[in-house]
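Subject: Handing over a structure

Hello,

Here is the structure I promised to pass on to you. Please open it next to this email, and then read on for what turned up in it.

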Amino acid sequence: MFYETYPFSLPPLPYSYDALEPYIDTETMRIHHDKHFQAYTDHLNNALEPYPHLHRLTLSQLLSGRYMLPQIAREAILNNGGGYYNHAFFFDELSPPNVGEHRPRGTLEMLINRTWGDFSRFQDVFNCMALSVFGSGWVALSLSRQERLRIITLHNQETVLPRGETPLLQFDVWEHAYYLKYQNRRNEYIDALWNVVTFPII
Ligand code: MN3
């Protein structure tokens, strides 16, 4: 999906709006996917529309920092392109509690154990970082070109791409992702999210 080019379209949710209950409520999924994700998609297309030379670039290329973006559109492209990328990743990594790999397996499990000792210590560090995001943003587990794992925080709609890294797991800690059900209790939302995120096979 990150190899797509302009015009971008909203990827359909690969499960029903209520599939992540009781961890993520139906109303939040509806607003988050249909309104917020749609808005990033529309605003990204609007920002790119006047620049035909950018229409050949994939989303990953646009966000990589390797291409010159027009000064007046740069912020809109990076913010909304980042919003598109992060949400495409997020809704794709989520799956109902009884479907998919909710714990790392194989090489990824081995790398996590080697880096943090075991899965629960990795979770503790990840949770701490997710709570530490001030304002809006993301926490991500990413893989560097040297095959090292890192947990990083991202502000607003930054992505891991300009660092040349590959995201493996991302938690959306913007209030719009949890406020209807959890209000100010970001910690409860983070705990709940572990039941519905999946890990890739690397
Ligand atoms: Mn969001």
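Helix 5 and helix 7 cross in a right-handed way. In this predicted model, helix 5 covers residues 119-132 and helix 7 covers residues 186-193. Their axes are 10 Å apart, and the packing angle is about 140°, which makes helix 5 oblique to helix 7. From helix 5, the residues in contact are Asn-127, Ala-130 and Leu-131. Helix 7 contributes Arg-186, Asn-187, Ile-190 and Asp-191. Sorted by class, this contact of helix 5 with helix 7 holds three nonpolar, two polar and two charged residues.

Helix 5 has another partner for you to look at. Helix 4 (residues 106-116) packs against helix 5 at an angle of about 70°, with 8 Å between the axes. That angle makes helix 4 roughly perpendicular to helix 5. Here Ile-112, Asn-113 and Trp-116 of helix 4 touch Phe-119, Arg-121, Phe-122 and Val-125 of helix 5. The classes in the contact of helix 4 with helix 5 are five nonpolar, one polar and one charged.

While you are at helix 5, please click on two of its residues. Cys-128 sits in helix 5 and counts as exposed, because its relative accessibility is 53% and exposed means over 50%. From Cys-128 to Arg-114 there are 14 residues in sequence, and their C-alpha atoms are 19 Å apart in space. Ser-132 is also placed in helix 5, and with a relative accessibility of 48% Ser-132 counts as partly exposed. The C-alpha atoms of Ser-132 and Ser-142 are 17 Å apart, and the two residues are ten apart in sequence.

Next comes the metal site. Which residues coordinate the manganese ion? The donors are His-32, His-87 and His-176, each through NE2, together with Asp-172 through OD, at 1.9 to 2.2 Å. Along the chain, these donor residues follow the spacing H-x54-H-x84-D-x3-H. His-32 belongs to helix 1 (residues 26-48) and Asp-172 to strand 3 (residues 166-172), so this pair ties together parts that are 140 residues apart in sequence. Are His-32 and Asp-172 buried or exposed? His-32 is buried, with a relative accessible area of 2%, and Asp-172 is buried too, at 0% relative accessibility. Both count as buried because the cut-off is under 20%.

Helix 1 and helix 3 (residues 71-93) have axes 8 Å apart and pack at an angle of about 145°. The crossing of helix 1 and helix 3 is left-handed. On the helix 1 side, the contact includes Met-29, His-32, His-33, Phe-37 and Tyr-40. On the helix 3 side, Ala-73, Ile-77, Tyr-84, His-87 and Phe-91 are among the residues that take part. Two of the manganese donors, His-32 and His-87, are therefore part of this contact as well. By class, the contact of helix 1 with helix 3 has 13 nonpolar and nine polar residues, and no charged residues.

Finally, here are a few backbone details. Most residues other than glycine have a negative phi, and most peptide bonds are trans. Where does this model have cis peptide bonds? One joins Tyr-6 and Pro-7, with omega at about -5°. Another runs from Glu-21 to Pro-22, with omega near 0°. Pro-7 is found in the segment before helix 1, and Pro-22 is placed in the segment before helix 1 too.

Glu-147 has a phi of about 65° and lies in the loop between strand 1 (137-143) and strand 2 (149-155). At 55% relative accessibility, Glu-147 counts as exposed. Asn-156 has a phi of about 50° and is found in the loop between strand 2 and strand 3. With a relative accessible area of 42%, Asn-156 is partly exposed.

Happy browsing, and do write back with any questions.

Best wishes

Key
Residues are numbered from 1 along each chain as its sequence is written. This is a predicted model: local features need pLDDT of at least 70, side-chain atom pairs count only at pLDDT 80 or more; totals for chains, interfaces and linings use all residues. Side-chain values use heavy atoms; hydrogens and water are left out. Donors are N, O and S atoms within 2.8 Å of the metal (3.2 Å for Na, K and Ca); water is not among the atoms, so sites may look incomplete. Helices (H or I, at least four residues) and strands (E, at least two) are DSSP runs, numbered from the N terminus. Buried means under 20% relative accessible area, exposed over 50%, partly exposed in between (1.4 Å probe, protein chains only). Axes are lines fitted to C-alpha atoms, for helices over the stretch in contact, and angles run from 0 to 180 degrees between N-to-C directions. Angles under 35 degrees count as roughly parallel, over 145 as roughly antiparallel, 65 to 115 as roughly perpendicular and the rest as oblique. A crossing is left-handed if the near helix is turned anticlockwise from the far one by less than a right angle, and right-handed if clockwise. Contact means heavy atoms within 4.5 Å. Ala, Val, Leu, Ile, Met, Phe, Trp, Tyr, Cys and Pro count as nonpolar, Asp, Glu, Lys and Arg as charged, and the others, Gly among them, as polar.
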